[in-house]
Amino acid sequence: MKIALLCKSDSTGGAAVVTFRLMNALRRKGIDARMIVAEKKSDSPWVIEAASGNSVRFPFIAERLRIFFANGFNRKTLFQIDTASDGVPLHRIPFIKEADFICLNWVNQGMLSIKGLRKLAAIGKPLVWTMHDMWNMTGICHHAGSCRHFLSSGGECGNCPLLGNRAAANDISHKTWLRKQKLYAETDIHFVAVSNWLAETARRSSLMKDANISVIPNAFPINASTLKNLKEDSLSDSSPLKKIIFGAARIDDPVKGHHTLVEATRILAEKYPEESKNLELVTFGTLKDPEALKDVAIRHKHLGRISPEEIRAVYESGAVVVSTSAWETLPGTLIEGQAWGCVPVALNHGGQPDIIDHTQTGYLAPWSDDVKENALRIAEGIIWGLKNRDTVKDRMQRSVIEKFAEDSVADQYLQLFKNL
């Protein structure tokens, strides 16, 4: 069996990382799986560059210019929008023509156009599209936030909040919505959602209410033998400092809720003064605004951007891993934290329930539209996690193996391919 996994990159971004893991897991099972990417950074011989140089840059720049004009030359939302207006001619790549299945992943920013997707479909191979965010069910955005235009009750996208004063009933979000609607009606695509929440949201959308959707989580590189090799001292509470881990590709991305995190540290300092003396917040990832975390009220260390090889050591040194995101599909930091011994603490606003069984494998706080209320619940969850870490540690690590181990996820995809 030959599987072509299409993704913008083989290493940049969460979708790229989990797709790369899936490729390797499928190959271990004897499947000829290869990634087709626009941006190759690994040295894997199984990753194929779709094109090089200007062949990749031109569609990327062309799409950005169209968006820049459509959003009123607003740099702030330039990369929050994708229209799939331009792309690379992937249908010409020999391995894609040979493949038994074509599996799309995150293919935006000039990699694959809607027209190009039609040409892929014309090859006649089954198409599987793994959704890593909400783009498939909306007009142009990856995170709908508080907007409800994409839902069945909202009718059709248009008057997009991301377009500011350029928003209109027939704006670029509506036009892209219509192109997707026509594509879905005329093309046989089986969608995979990486969390139950994402699948349920898609089924409530006007674009995907009738789509074929399966739920298969992202793969994580862990198994029972990996856990047996963990150093016991790295999971103990012998250190005088209890570390709270918070990481993201970009920490001050508004979706990640860093304001809630900062407010939670203030609550910890005020409400739990004795405990907070021994707490340290450890953050990793890029910061567009260096001042974003200046008001953290407890001891704080920022590691900046770290490599995947360094992440495990960070989690092993921690006690709790926190997500304060306003919205998440399936937050990988919580899965990684669980695996390496950190109790996950998060808001119940997305795919988090697929990871956390409240008070059994972590702490899942109810979501509120109020930042201070969310911060209070996160602070309470952190204290709970510190007190109950020894109790839930083994249980949460077993949960990661059962739900997210690479071999298990690969088997689920193989079953889907066989069914198709």
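Me: In this predicted model, exposed means over 50% relative accessible area. What makes Arg-92 count as exposed?
Reply: Arg-92 has 57% relative accessibility. The cut-off is over 50%, so Arg-92 counts as exposed.

Me: Where in the fold is Arg-92?
Reply: Arg-92 is in the loop between α2 (54-70) and α3 (94-98).

Me: Which residues gather with Arg-92 in a patch, and what is its charge?
Reply: Lys-97, Lys-115 and Lys-119 gather with Arg-92 on the surface. Lys and Arg count as positive, so the patch is one of positive charge.

Me: How many aromatic pairs does a search of the whole structure find?
Reply: The search finds 12. Among them is the pair of Trp-129 and Phe-191.

Me: Why is the pair of Trp-129 and Phe-191 called stacked?
Reply: The rings lie 6.1 Å centre to centre. Pairing needs centres within 6.5 Å. The angle between the planes is 20 degrees, and planes under 30 degrees apart count as stacked. Therefore this pair is stacked.

Me: What parts does the pair of Trp-129 and Phe-191 tie together?
Reply: Trp-129 lies in strand β5 (residues 127-131) and Phe-191 in strand β6 (residues 189-193). The tied parts are 62 residues apart in sequence, so the pair bridges that separation. Trp-129 and Phe-191 are both buried. Ring pairs also link Trp-129 and Phe-191 with Trp-135 and Tyr-184 in a cluster.

Me: Why is the pair of Trp-197 and Trp-327 called edge-to-face?
Reply: The planes are 70 degrees apart. Edge-to-face needs over 60. The centres are 5.3 Å apart, and the pairing limit is within 6.5 Å. Therefore the pair counts as edge-to-face.

Me: What makes the link between Trp-197 and Trp-327 one of distant parts of the chain?
Reply: Trp-197 is in helix α6 (residues 196-203). Trp-327 is in the loop between β11 (320-323) and α11 (332-339). The two are 130 residues apart.

Me: Is Trp-327 buried or exposed?
Reply: Buried means under 20% relative accessible area. Trp-327 has 9%, so Trp-327 counts as buried.

Me: How do you know that α11 is mostly covered?
Reply: Seven of its eight residues are buried, including Leu-334, Ile-335 and Glu-336. Just after α11, Gly-341 takes a positive phi of about 105 degrees.

Me: Why does Ile-3 count as buried?
Reply: Ile-3 is at 0% relative accessibility. The limit is under 20%, so Ile-3 counts as buried. Ile-3 is found in strand β1 (residues 2-9).

Me: How far apart are Ile-3 and Ala-33 in sequence and in space?
Reply: Ile-3 and Ala-33 are 30 residues apart in sequence, and 4.6 Å apart in space, C-alpha to C-alpha.

Key:
Residues numbered from 1 in each chain as written. Predicted model: local features only at pLDDT ≥ 70, side-chain atom pairs only at ≥ 80, totals over all residues. Heavy atoms only, no water. Patch = residues over 30% accessible without salt bridge, like charges linked within 9 Å, V, L, I, M, F, W, Y side chains within 5 Å. Areas by Shrake-Rupley, 256 points an atom, 1.4 Å probe, with all protein chains shown as cover. Salt bridge = Lys/Arg side-chain N within 4 Å of Asp/Glu carboxyl O. Charge placed at Lys NZ, Arg CZ, Asp CG, Glu CD. Helix = DSSP H or I, 4+ residues; strand = E, 2+ residues; numbered from the N terminus. Buried < 20%, exposed > 50% of the residue type's maximum accessible area, 1.4 Å probe, protein only. Phe/Tyr/Trp six-rings, centres within 6.5 Å; stacked < 30°, edge-to-face > 60°.
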